[in-house]
Amino acid sequence: MFIRIAAAGSARRPLSLVLLAALSPLGALAQAPAATPQPAPSTQPGLAAAPAPGTLRTVTLQEALSLAAKQSPDVASARAQAAVAAAGVRRAWTAWQPELTVSAQYVRSSAEAQLDLGQFVGLVGGVFNLLPQNPQLIPEPVVITAKDSRYATAQISQPLFTPAGVFLIGPAKAGAEAAELGALEAREQVLLAVARTYLGLQGITQMMDAAREAESVALQREGEARAQLDVGMTVEAALLRAQTETAQARVQLAQLSGQYAQLLAMLGALVGEPVQPAPLDAPGPRWDIPSEDTSPWENTYAVRSAAKVVQANEGKVTYDRFSWLPSLVAQARGIYNSNSGFTGTNTTYELSVAASMPLYDRGQRYAALHEDRARLEQAKAQYESSRAKAHANWVAAKANLEAAQAALTQAEAQAQLAARVQQQVAAAFKAGMSTSLEMSDADTRRFLAASAAAQARATLEIRRAELAAAGGRIAASIEQQQPQQ
């Protein structure tokens, strides 16, 4: 049920529509879905109060940011991705590390194999009547393979020179640094989302206070209208108007309560545990906002990560150009054979140095070179894009902060003026010099002004956090203040 509120003969929009339009920007700043219309609550006062879960941990914004930096699932996921990239550095170093292998074998034969020179000489001598004059000189039979044979081999290979070891370690380190900087950038964005959500909750709390005051005033007006109606000093339209304003104030409280619950759940998901904001008078963090003369957008984690990606791709292109160089490997192998054979010993060893040089690998090296060159051009373009976007974010955040400061000054002035006007109209109404329509208009204007001031205060704090994030200084601001806690 809506009524038109007129002041000095000018028509105005319904109160609920005006408030919904005023609430939507704060919800967008806090990155929460807009509150859906709620069914009309009971006429009993106080049913639409702000949720105050006693089991939740109450934290300041500084504590919420510190918790998110340590235990947020999104931050943990980014760190895990950086750890995967760091493992690539170890993989690159394996090009210089030795390879050691040990193998063993047991063989069971149905018959042993041996070389008997005595039988061979006897056979040949019997055919050609050529018998040795000294048979003692004929060696004993030599076992080549016994029925039970054991073999073992130990081999170590040490690369002496390899193109991969020379040219790929640097790109792997640059890629790991890029991934680490990317994880830090993800942490900055998570912390910014925490700040937006937290400050959005505080802004909604202030707006709910204004809505409760509007409900209290509406109930007072309803009681006055009922008393005047009982003595015949007014008509039922005045009572209906007061009851409608009470219902509208409760609808706004219900909608704000729903939006508060949504943002509270989002804050818990970002922080990593269910928490609730501290009272409004709790001290907030001091944002470390760098000077524009130092070009802070150049030092953001996103820009630095893009620069490391360019460096990594340049190293890969260099490797592709020199991957034709030969590889040099030294090998040592020890052999054990249970059959001593002709050597007369069961253990032997071998030392060797081997070199290999690829002459043509079916064109794979040239294909990799063209592919890596294209990736290098892409990385350079992304680096320039990151720089431009970081600069644009800084300029926009600074302009938004200046606009938010001006908006807050204007909103607070309007709230003070609306409060004075309400008091003046109330005094005139008691003296019989104003109508109930003027009273209703004054109450509505004061509520809207108070809500706008609360929204402007929350928006200003959010803009400050955004400017710190544009300079990559949210996490640094927290780290600088942690020893002082």
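Arg-196 counts as buried because its relative accessibility is 19%, where buried denotes under 20% relative accessible area, exposed over 50%, and partly exposed the range in between, with a 1.4 Å probe and protein chains only. The model is predicted, so that local features require pLDDT of at least 70 and side-chain atom pairs count only at pLDDT 80 or more, whereas totals for chains, interfaces and linings use all residues. Residues are numbered from 1 along each chain as its sequence is written, and side-chain values use heavy atoms, with hydrogens and water left out.

Arg-196 is located in helix H6, helices (H or I, at least four residues) and strands (E, at least two) being DSSP runs numbered from the N terminus. Its C-alpha atom is separated by 5.7 Å from that of Ile-462, 266 residues apart along the chain. The side chain of Arg-196 also makes a polar contact of 2.9 Å with the side chain of Glu-466; a polar contact is a pair of N or O atoms within 3.5 Å, of which, within protein, one must be able to donate a hydrogen and the other to accept it, and residues adjacent in sequence count only if both atoms are side-chain atoms.

The protein comprises 11 helices and 8 strands, and buried residues make up 39% of its 485 residues. The largest nonpolar core has 45 residues, among which Leu-65, Leu-191, Val-194, Trp-287 and Ile-474 touch the most other members; such a core is a set of buried Ala, Val, Leu, Ile, Met, Phe, Trp, Tyr and Cys residues joined through side-chain atoms within 4.5 Å. At least two residues of this core are supplied by each of helices H2 (61-71), H6 (169-230), H7 (236-271), H10 (436-470) and H11 (474-481), and H6 gives the most, with 15 residues. Residues up to four places away in sequence being left out, Trp-287 touches Leu-61, Leu-65, Ala-195, Glu-461, Arg-464, Ala-465, Ala-468, Ile-474 and Ser-477, with contact defined as heavy atoms within 4.5 Å. A second, separate core of 17 residues includes Trp-297, Leu-401, Ala-449 and Leu-460.

Trp-96 is placed in the loop between helix H3 (73-93) and strand S2 (99-108), and is partly exposed with a relative accessible area of 26%. Beyond its neighbours within four places in sequence, Trp-96 is in contact with residues including Gln-158, Pro-159, Leu-160 and Phe-161. A polar atom of the Trp-96 side chain lies 2.8 Å from the backbone oxygen of Gly-165.

The structure holds 18 salt bridges, each being a side-chain nitrogen of Lys or Arg within 4 Å of a carboxyl oxygen of Asp or Glu. In one of these, the closest N and O atoms of Arg-108 and Asp-148 are 2.7 Å apart; Arg-108 lies in strand S2 and Asp-148 in strand S5 (residues 148-161), so the pair ties together parts that are 40 residues apart in sequence. Arg-108 counts as exposed at 54% relative accessibility, whereas Asp-148 is partly exposed at 31%. A salt bridge also connects the side chains of Arg-250 and Glu-215 (2.8 Å, N to O), and both Arg-250 and Glu-215 are buried. Within helix H9, Arg-375 and Glu-371 are 4 residues apart, about one turn of the helix, and their side chains meet in a salt bridge of 2.7 Å, N to O. Salt bridges that share partners join Arg-196, Arg-463 and Glu-466 into one network.
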